[in-house]
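Mentor: Let's go through this one by asking what each label rests on.

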Amino acid sequence: MQTSRVFDAVAAAFPGDPQSTDPIDPLWQRLAEEVEGFTGTNELAVLNAAAAALPDDEAYLEVGTFKGRSLVAAVQGNERTRFYAIENFLEFGMTGQDARAELQDNLERLAGDADVHLLEGDAFTLMAQPGVIDRPIGVYFYDGDHTLLAHYLALAVVEPLLADEALVLVDDASWKVVQRAHRLFLRRHPGWKVVRTWDVTGADDLRWANGMHALVFRRSDARGRSLSRTDEGLRRYQTVLQDKINKAAWKFGTRLPAPVKQGLVRLTVSRARSVGGDDH
Ligand SMILES: C[S@@+](CC[C@H](N)C(=O)[O-])C[C@H]1O[C@@H](n2cnc3c(N)ncnc32)[C@H](O)[C@@H]1O
């Protein structure tokens with residue numbers, strides 16, 4: 001896709017600087033009120049503008065759908081676009097049937113005409129399976145697991161699936177852990193550039209949640225059509241071992257009393273998830 005078109009559309013969707021003004025269209029605010037979720041209104045406007053700029057022979061891919069807020073925003077007015085959404089219904093104590101039912105209900109109410117393919121399972125497994133996605137990905141939104149390895153793999157595993165020019169939007173990008181993963185990845189993979197950093201100074205900003213970064217990928221040669229041996233090794237670690245650890249941790253976590261759970265979360269994630277930092 002021609003990624004510059006997205007940035008023109010984003011500029012037109014705001015009355016001033018997107019960093020510090022609300023989107024012109026009140027729809028994004030309305031959707032944020034109607035669908036429980038973790039993305040901010042300005043992020044919703046950007047996702048929608050990105051999807052609108054896709055040519056018909058490319059698809060939109062989202063990892064981390066939760067109850068569908070970001071996906072429902074992306075599909076509005078984009079009925080001709082093919083959307084893939086990957087969700088493993090693991091985080092936030094989401095237990096199977098309930099979470100799925102809430103997402104399905106939101107999709108039926110607010111994305112009924114859209115061409116949405118919901119893929120249930122682990123993103124790092126599904127994205128590496130040949131044939132799961134039927135066309136090049138022109139827009140990719142990552143809002144899944146937020147460890148250093150997950151954010152590195154979020155770019156590594158999608159690279160072979162991307163169109164020759166593609167836009168990659170990453171949520172929670174003001175977190176140190178995300179920026180560190182991007183630096184590690186970009187050092188080893190040519191063709192990538194961070195082109196916008198809509199950062200926040202505090203957590204859970206109503207416009208930008210925990211910050212969104214836009215990266216552009218341009219394929220220059222045959223490289224990036226398959227995973228390197230190192231990246232495949234990391235992917236296997238994530239899908240075989242780390243996935244089991246995550247599942248056990250979420251299962252254990254949901255059984256703990258709320259105050260204990262909150263204390264544990266604060267202890268384990270607070271440093272990595274602090275915003276506004278570059279921790280070289
Ligand atoms: C922050 S939420 C997504 C929020 C959503 N985009 C919104 O707009 O509200 C992150 C989601 O990613 C899912 N997730 C985390 N790791 C994943 C993985 N490896 N594969 C698939 N889904 C994953 C979690 O179950 C969770 O629902």
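Mentor: Start with a term we need at once. A crossing of two helices is right-handed if the near helix is turned clockwise from the far one by less than a right angle. H1 passes H3 in this right-handed way. Bear in mind that the model is predicted.

Trainee: How many helices and strands are there in the protein?

Mentor: There are ten helices and seven strands.

Trainee: At what angle do H1 and H3 pack?

Mentor: H1 covers residues 3–12, and its axis makes an angle of about 135° with that of H3. The two axes are 9 Å apart.

Trainee: How does H2 cross H3?

Mentor: H2 is residues 27–34 and H3 is residues 41–52. Their axes come within 9 Å and cross at roughly 115°. The crossing is right-handed. H2 brings Trp28, Gln29 and Ala32 to the contact, while H3 brings Thr41, Leu44, Ala45 and Asn48. That is four nonpolar, three polar and no charged residues.

Trainee: Now the pair H7 and H8. Why are H7 and H8 called oblique?

Mentor: The axes of H7 (residues 148–156) and H8 (residues 176–188) cross at roughly 45° and come within 8 Å. Roughly parallel needs an angle under 35 degrees, and roughly perpendicular begins at 65. The value of roughly 45° sits between these cut-offs. So H7 and H8 are oblique to each other. Their crossing is right-handed.

Trainee: Which classes of residue make up the contact of H7 with H8?

Mentor: There are ten nonpolar, two polar and two charged residues. Among them are Leu148, Tyr152 and Leu155 of H7, and Arg180, Phe185 and Arg188 of H8.

Trainee: What makes a group of residues a nonpolar core?

Mentor: The members must be buried nonpolar residues joined through side-chain atoms within 4.5 Å. The largest such core here has 44 residues. Tyr60, Leu167, Leu169, Trp198 and Met212 have the most contacts inside it. H3 gives the most to this core, with seven residues. A second, separate core has 36 residues, including Phe124, Ile137, Ala150 and Leu162.

Trainee: What does Trp198 touch?

Mentor: Leaving out residues up to four places away in sequence, its partners include Phe7, Val10, Val46, Leu169, Trp208 and Met212.

Trainee: Is Gly202 buried, partly exposed or exposed?

Mentor: Its relative accessibility is 32%. Buried means under 20%, and exposed means over 50%. The value lies in between, so Gly202 counts as partly exposed.

Trainee: Where does Gly202 lie?

Mentor: Gly202 is in the loop between strand E6 (192–198) and strand E7 (212–218). Beyond its neighbours within four places in sequence, Gly202 is in contact with Ala209 and Val275. Gly202 and Val275 are 73 residues apart in sequence, with their C-alpha atoms 6.7 Å apart in space.

Trainee: What share of the protein's residues counts as buried?

Mentor: The share is 50% of the 280 residues.

Conventions: Residues numbered from 1 in each chain as written. Predicted model: local features only at pLDDT ≥ 70, side-chain atom pairs only at ≥ 80, totals over all residues. Heavy atoms only, no water. Axes fitted to C-alpha atoms, helices over the stretch in contact; angles between N-to-C directions. Helix = DSSP H or I, 4+ residues; strand = E, 2+ residues; numbered from the N terminus. Contact = heavy atoms within 4.5 Å. Nonpolar A, V, L, I, M, F, W, Y, C, P; charged D, E, K, R; others polar. Buried < 20%, exposed > 50% of the residue type's maximum accessible area, 1.4 Å probe, protein only. Parallel < 35°, antiparallel > 145°, perpendicular 65-115°, else oblique.
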